[in-house]
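The following briefing is meant to be read beside the sequence and the coordinates. Its points are grouped by topic.

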Amino acid sequence: MNLQQIIDALNLTILTEKKDFSLIEPASGYTSDLLSCVMAGAAKQGIWVTLQSHGNIVAVAALLDLCAIIITEDAKPDAATISKANEEGIIMLATSEKSFSVCGQLWSLGLRGG
Amino acid sequence: MDEGTPRPLERVVTDRDAESITRVEELAYDLRIAEVMSRDAKFVVTDMKMGDVLELFRQLRISGSPVLDGDKLVGIVSMEDLIRCLRDDELDAPVSKYMTTTLITVRSTDSVIEALKLFVNTRVGRLPVVAEDGKLIGILTKGDITRGLLRALQQDYQTEEIRKYRASHLFEDIESDRTSLILRYNIKQGDFTRGGTASSHIKRALVRLGASPLIARRCGIAIYEAEMNLIIHTTNGGVIRVEIEPHQITIDVTDTGPGIKDIDEAMRPGYSTATEAIRELGFGAGMGLVNISRCVDQMKLESVFGQGTRLRMRMFLKPEDTFGEGPTSGKDTAHEPATNH
């Protein structure tokens, strides 16, 4: 399943630059709002579901080579965070849904933990 | 530009916009039209018959051409003009009768973004490119711009490859009994907006030096945690010092206080002294030091409460992971067999 299918299925808002998301195949999923737990638990090329939206999530995602961050519950990253994500090539997506529901949908699409 | 050129809409770039400008947009500002235009512009002359223009377009598979009178650019003739001419059944008429004389031109020294604005605002398919003296020197289509941008992006990519290649030879090219590269980063207390910058830079440096992705990732994670600790917990920030040797990476993180009261307690998973505000940002999980110990081969944490803390981490590189080929530089390590390639 590619990222475009996920974006369509979950009706996600794309916060960073548009690109051909159908070429990106997320390997796994992970959720936590504690950055050190993400550091310890998220696998490479994974999708990270969080309601954190400050600039540090980009650094975390970049260091872990994650492919995308889904920011839940309408949390809004600021412009500096978005431009930092573009710089680092991290895709940021947003939704008004809660993390629990996003994870449930990702799971039913076939995504598993790394 | 010639008279009659509609003024392109001025784009005011605010600081906020500037931050989100992509590399492609940046290139569109950097690249000059001369670098992307087609130089062998086909042209027709004013007294040429429209029937011959039709034939020329068909042969060359083009859909428009500048019109010259002597060496002066006087118009543009396009497929649309040809259609008007066919409708009037006047293929014997001269080009001058049907050409478009409202000239929209660009200068070869303009940046590509100016041409892009014109394409958007005027809907023309091609732009004649003129020199300072007004003489036609080329033609520009959107296709030329796309090709030019792709070429420039490819160059960007190659530059990064070359940078990586050069850096990875650093250790091979320099002869000494023990070569090391030292990187230093000063981290400010409370500087959350730059949090993770030093670790990202270090990770990138390691990749450029030829470190395996796994080693770069482990170092990145360990240094990130240490960097955030300096930002969150110190009185005056601190310093990260990374010493890269062909066979090992040594990371020293020092600060001047406040120091850790009980190191055993600090090492316990889940233990944190972070404030509620810090925890709300997702820090203070009490996992930082635990993560570090999982990522590095050796870790030593020393602290005197009231004075400061020193965290020393080490990664030993397996023979296949070593930087460069330095059998001589591996001799002082007691932990790993000397590399032999």
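**A:Asp65 and the wider model**

A:Asp65 counts as partly exposed because 18 other C-beta atoms lie within 10 Å; by the definition applied, a residue is buried with 20 or more other C-beta atoms within 10 Å of its own, exposed with 12 or fewer, and partly exposed in between, the C-beta atoms being placed from the backbone. This is a predicted model, in which local features need pLDDT of at least 70 and side-chain atom pairs count only at pLDDT 80 or more, while totals for chains, interfaces and linings use all residues. Residues are numbered from 1 along each chain as its sequence is written, and chains are lettered from A and ligands numbered from 1 in the order in which they are written.

**Chain composition**

- Chain A contains five helices and five strands, where helices (H or I, at least four residues) and strands (E, at least two) are DSSP runs numbered from the N terminus.
- Read from the N terminus, the elements of chain A follow the order α-β-β-α-β-α-β-α-β-α.
- Of the 114 residues in chain A, 47% are buried, and 51% of the chain A contacts with a separation of 6 or more join residues 24 or more positions apart; two residues are in contact if their C-beta atoms, placed from the backbone, lie within 7 Å.
- Chain B has 14 helices and 11 strands, with 34% of its 341 residues buried, and residues 24 or more positions apart make up 64% of its contacts with a separation of 6 or more.

**Loops and backbone angles**

- Most residues other than glycine have a negative phi, and most peptide bonds are trans.
- A:Asp65, although not a glycine, has a positive phi of about 55 degrees, and its place is in the loop between helix H3 (56-63) and strand E4 (68-71) of chain A.
- A:Lys44 touches A:Asp65 as well as A:Ala27 and A:Leu64, when residues up to four places away in sequence are not counted.
- A:Lys44 itself sits in the loop between helix H2 (35-41) and strand E3 (47-50) of chain A, and it is partly exposed because it has 14 C-beta neighbours inside 10 Å.
- Between A:Lys44 and A:Ser28 the C-alpha to C-alpha distance is 8.2 Å, with 16 residues separating them in sequence.
- A:Asn11, in the loop between helix H1 (3-10) and strand E1 (13-14) of chain A, also has a positive phi, near 55 degrees, and is exposed because it has 10 other C-beta atoms within 10 Å.
- In chain B, the peptide bond from B:Gly257 to B:Pro258 is cis, with omega near 15 degrees, and B:Pro258 belongs to the loop between strand E9 (248-255) and helix H12 (263-267).

**Helix H5 of chain A**

- A:Val102, A:Cys103 and A:Leu106 are buried in helix H5 (residues 99-108) of chain A.
- These residues lie on the same side of H5(A) because they cover an arc of only 95 degrees around the axis, the arc being that of the directions from the helix axis to the C-beta atoms.
- On the other side of H5(A), the exposed residues are A:Phe100, A:Gly104, A:Trp107 and A:Ser108.
- The buried residues of H5(A) pack against H1, strand E2 (29-31), E3 and E4 of chain A, and just after H5(A) the residue A:Gly110 takes a positive phi of about 110 degrees.

**Contact between the chains**

- Chain A gives 22 residues to the contact and chain B gives 23 residues.
- On the side of chain A that touches chain B, H2, H3 and helix H4 (79-88) each supply at least two residues.
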